[in-house]
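Please open the model in a viewer and keep the selection panel at hand. The stops below are meant to be followed in order.

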Amino acid sequence: MSEITPRFAIPNIMVSQAHKEITHNEALAIIDGLLHVSVIDSASSPPTLTIADAGKCWLVVAPAAGAWAGKENRLASWNGTGWRFVEPVQGMAIWNSQNTSELRFLAGEWHQPGVVLAPTGGSVVDLETRTAFSLLLTHLRNAGILAN
């Protein structure tokens with residue numbers, strides 16, 4: 001059995017391991033940061049935080065500096081006294097609270113979904129179809145499935 005899980009490197013408790021609570025608590029902290037991920041915003045350097053800010057998470061962007069140096073594209077979660085970093089996996093989705101948008105990790109980069117525009121132009125205009133399509137797009141945007 002590996003010491004960490006293959007997907008998010010969550011530590012496994014090993015047979016005959018001393019101080020199992022340390023490994024278990026570390027695993028819980030990583031899971032807590034990954035469960036329904038919502039980041040405060042993206043930034044290249046860590047903000048000044050206190051113990052009261054524990055649980056807040058940021059997306060680290062280039063060029064990362066300070067305690068975040070070399071951690072580009074990772075999620076940085078503040079535990080009250082230090083940072084925990086999680087490397088994203090293909091297809092992972094996060095919510096950015098600052099600009100109210102969803103991001104997906106695809107092909108080694110974070111991407112915001114494209115905006116689907118309402119239909120315009122064309123040689124034959126079907127107003128009922130356009131109205132229905134525009135209404136569908138509005139509902140998908142309101143549900144957070146499509147970007148505004």
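## Salt bridges

In this predicted model, the count of salt bridges comes to 3. Begin by selecting Lys56 and Asp53, whose side chains meet in a salt bridge with an N to O distance of 3.0 Å. Lys56 is partly exposed, because its relative accessibility is 34%, whereas Asp53, at 15%, counts as buried.

Next, select Glu87 and Arg74, which form a salt bridge with their closest N and O atoms 3.0 Å apart. Glu87 lies in the loop between β5 (83-86) and β6, and Arg74 in the loop between β3 and β4 (75-78), so this pair ties together parts that are 13 residues apart in sequence. The relative accessibility of Glu87 is 48%, which places this residue in the partly exposed class.

Then select Arg104 and Glu102, where the closest N and O atoms of the salt bridge are 3.9 Å apart. Arg104 is partly exposed at 33% relative accessibility, and Glu102 is partly exposed at 24%.

## The open sheet

Now display the strands β1, β6, β7 and β8. In that order, these 4 strands form an open sheet with mixed pairing. The edges are taken by β1 (38-39) and β8 (109-111); each has a single partner strand, so one side of each is left without a neighbour in the sheet.

Select β6 (residues 93-96) together with β7 (residues 101-106): the two strands pair in the antiparallel sense over 4 bridges. Within this pairing, Ile94 has Leu103 in β7 as its bridge partner.

## Helix α1 and the segment before it

Move to Ile10, in the segment before α1. Is this residue buried or exposed? With a relative accessibility of 14%, Ile10 counts as buried. Leaving aside residues up to four places away in sequence, Ile10 touches Glu3, Ile4, Thr5, Ala27, Ile30 and Ile31. For a distance check, select Val89 as well: Ile10 and Val89 are 79 residues apart in sequence, and their C-alpha atoms are 13 Å apart in space.

Continue to Ile31, which is located in helix α1 (residues 20-34). Ile31 is partly exposed, with 38% relative accessibility.

## Confidence

Finally, colour the chain by pLDDT. The average is 85, and 97% of the residues score at least 70. Confidence is lowest in α1, at a mean of 77, and highest in strand β3 (residues 57-60), at 95.

Technical notes:
Residues are numbered from 1 along each chain as its sequence is written. This is a predicted model: local features need pLDDT of at least 70, side-chain atom pairs count only at pLDDT 80 or more; totals for chains, interfaces and linings use all residues. Side-chain values use heavy atoms; hydrogens and water are left out. Buried means under 20% relative accessible area, exposed over 50%, partly exposed in between (1.4 Å probe, protein chains only). pLDDT is the predictor's confidence in each residue, from 0 to 100. Two strands pair if DSSP finds at least two bridges between them. Contact means heavy atoms within 4.5 Å. A salt bridge is a side-chain nitrogen of Lys or Arg within 4 Å of a carboxyl oxygen of Asp or Glu.
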